[in-house]
Amino acid sequence: MEGRLLLKNCAVFRADGRVRRGMAVVVEGGIIRRVALDAQVPVLPGDWEVACRGRLVAPGLVDSHSHLVNGQLLPPNGQFLLLPPRERLERMRRVARLLTAEDIEALTRFAAARSLRDGVTLVVEHLACADVAGGLAAQARAAESVGLRMLLSHATHSMDGAAQADTWLEANVDFARRHAKHRLVRGALGFHASYTCEDALLSRIARLSTELEVPTVFHLAENEDDLSTTYARHGQRVVPRLDALGLLGPRAVAGYARALDNAEATRLEQTGTFVSLAARGVRTLERGTDPMEAILLRLHLLGLGTGGHGTLQDELLAALVGVLRISRAGHLPDVDSTLAHLLVNGPAELCTRLFGLPSGTVEEGSLADLVVYDSIPAADPETGYSPYLIGQLSRSPVAWTVVDGRVCVREGQLLGSDYVDLSRAATEALERVWSRARLGS
């Protein structure tokens, strides 16, 4: 887009619950260049003026662990959720092996468009497929076509043998190397989880991540099966094992963390590992203790991830339930600040790590990943404080989504592609995969 993008007469979001009304935001070159009172920012020739009419402008949301493709393959109905974790995994593996690059591109394009319409501007994606090179390339094309910022990785594992794991990893490495500095799509090295990977594979991933200076994406203590299998085979719990192999640290993006103790949460904090919580999954997928208290009391680098199912708004509601339970026990008094950190501040740090520019605020110099909501927030005239601003944001429709200064959604409509056409293509891809898998038989 040539010229400036100019958001006029908007209410600017702050994570501390305050808003600044009657503001203008100037975007140019993918960066927020100016935030000032509306009257101080005239419209210049060539500007794209967006009449916000007092609506809320906030940083884009981050889905910090997702399965955009694999989450569509086996929808989580009651029958599937009641299966043991190992049987769920085997079913997902069987269907994922049948994906083609064409299927992956169609499914990613639709899921990415849906994310943009939900106000998500960055997705950390964890793909499982057989054609790793073709699959990751297809996802990169899909992300660029709709304008979504993404971190892409493959969920490599050792369950099909060391030779197959090495082949997958080499393809993932090649993609990560070629996308290490891409403006919109970055590559990461991925593995599935501790209990599905041998030491040699994990050691190699740790070494390559350091050499290439790229992130790693993986499931961390995702269930009791992960914990018990890891201990039986390696004589260690999940976190100590991954720590010893060099897989924890500032480049690590760990999903789920459903089976942790207090010491392990402390170690994750010490190493600077980013942890993505799927608050709903704790209550629908797994039995056992909810680890949220240990994590929230010790970790700073935290965010919410959908795991490929539902929305971040769903995750925020589930997190609210968990945080309230902990707070009522007297252990976590500031509920609103915790939710703001999970939805905005923690993910902003992750985005900044990945793309090297300030994120998560509507401030000069920050990445221009922004959302205009169909909401005019009420605020105290003297302090600008708007009670439960995070809640207002989560239940408001998305009007505009801007990623890297590019308008991707305008007044609720996807730009550059027809959303219904993308949905139809995704449906056709799912039907092809389900036919190959004989799911109806």
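Is His341 buried or exposed, and what is its relative accessible area? His341 is buried, and its relative accessible area is 15%. Keep in mind that this is a predicted model, so everything below is read off computed coordinates. The residue belongs to helix 14, which covers residues 335–355. Looking past neighbours within four places in sequence, His341 touches His300, Leu302, Gly346 and Pro347.

**Two helices side by side**

Helix 4 spans residues 101–117, and its axis lies 8 Å from that of helix 5, with about 35° between the two. The pair cross in a right-handed sense. On the helix 4 side, the residues that meet helix 5 are Ala101, Ile104, Glu105, Thr108, Arg109, Ala112, Ala113 and Leu116. Helix 5 answers with Gly134, Gly135, Ala138, Gln139, Arg141, Ala142, Ser145 and Val146. Sorted by class, that contact holds eight nonpolar, five polar and three charged residues.

**Helix 6 and what covers it**

Helix 6 runs over residues 162–178, which is 17 residues. From first C-alpha to last it reaches 24 Å, close to the 24 Å expected at 1.5 Å a residue. Its buried residues are Ala165, Trp168, Leu169, Ala171, Asn172, Val173, Phe175 and Ala176. What lies over them? The cover for the buried residues of helix 6 includes helix 5 (132–146) and helix 7 (199–212), along with strand 8 (149–154), strand 9 (185–187) and strand 10 (189–193).

**Cysteines without a bond**

How many disulfides are there? The count is zero. A disulfide is a covalent bond between the sulfur atoms of two cysteines. For Cys129, the closest cysteine sulfur is that of Cys197, and because the gap is 15 Å, it is too far for a bond. Cys197 is likewise in no disulfide, with the sulfur of Cys129 as its nearest, 15 Å away. Cys129 is buried at a relative accessible area of 5%, and Cys197 is buried at 1%.

**Loops worth a look**

Arg55 sits in the loop between strand 4 (48–51) and strand 5 (56–59). Is this arginine buried or exposed? Arg55 counts as buried, at 4% relative accessibility.

Pro45 is in the loop between strand 3 (31–37) and strand 4. This proline is exposed, with a relative accessible area of 83%. Pro45 and Gly3 are 42 residues apart in sequence, and their C-alpha atoms are 8.5 Å apart in space.

Most residues other than glycine have a negative phi. Glu213, in the loop between helix 7 and strand 11 (216–220), has a positive phi near 55°. Ala221, in the loop between strand 11 and helix 8 (224–234), also has a positive phi, about 45°, although it is not a glycine. Glu213 is exposed, whereas Ala221 counts as buried.

Here are the accessibility values for the loop residues:

| Residue | Relative accessible area | State |
|---|---|---|
| Arg55 | 4% | buried |
| Pro45 | 83% | exposed |
| Glu213 | 64% | exposed |
| Ala221 | 0% | buried |

How values were computed:
Residues numbered from 1 in each chain as written. Predicted model: local features only at pLDDT ≥ 70, side-chain atom pairs only at ≥ 80, totals over all residues. Heavy atoms only, no water. Disulfide = S-S within 2.5 Å. Buried < 20%, exposed > 50% of the residue type's maximum accessible area, 1.4 Å probe, protein only. Helix = DSSP H or I, 4+ residues; strand = E, 2+ residues; numbered from the N terminus. Expected span 1.5 Å × (residues − 1). Contact = heavy atoms within 4.5 Å. Axes fitted to C-alpha atoms, helices over the stretch in contact; angles between N-to-C directions. Left-handed = near helix turned anticlockwise from the far one by under 90°. Nonpolar A, V, L, I, M, F, W, Y, C, P; charged D, E, K, R; others polar.
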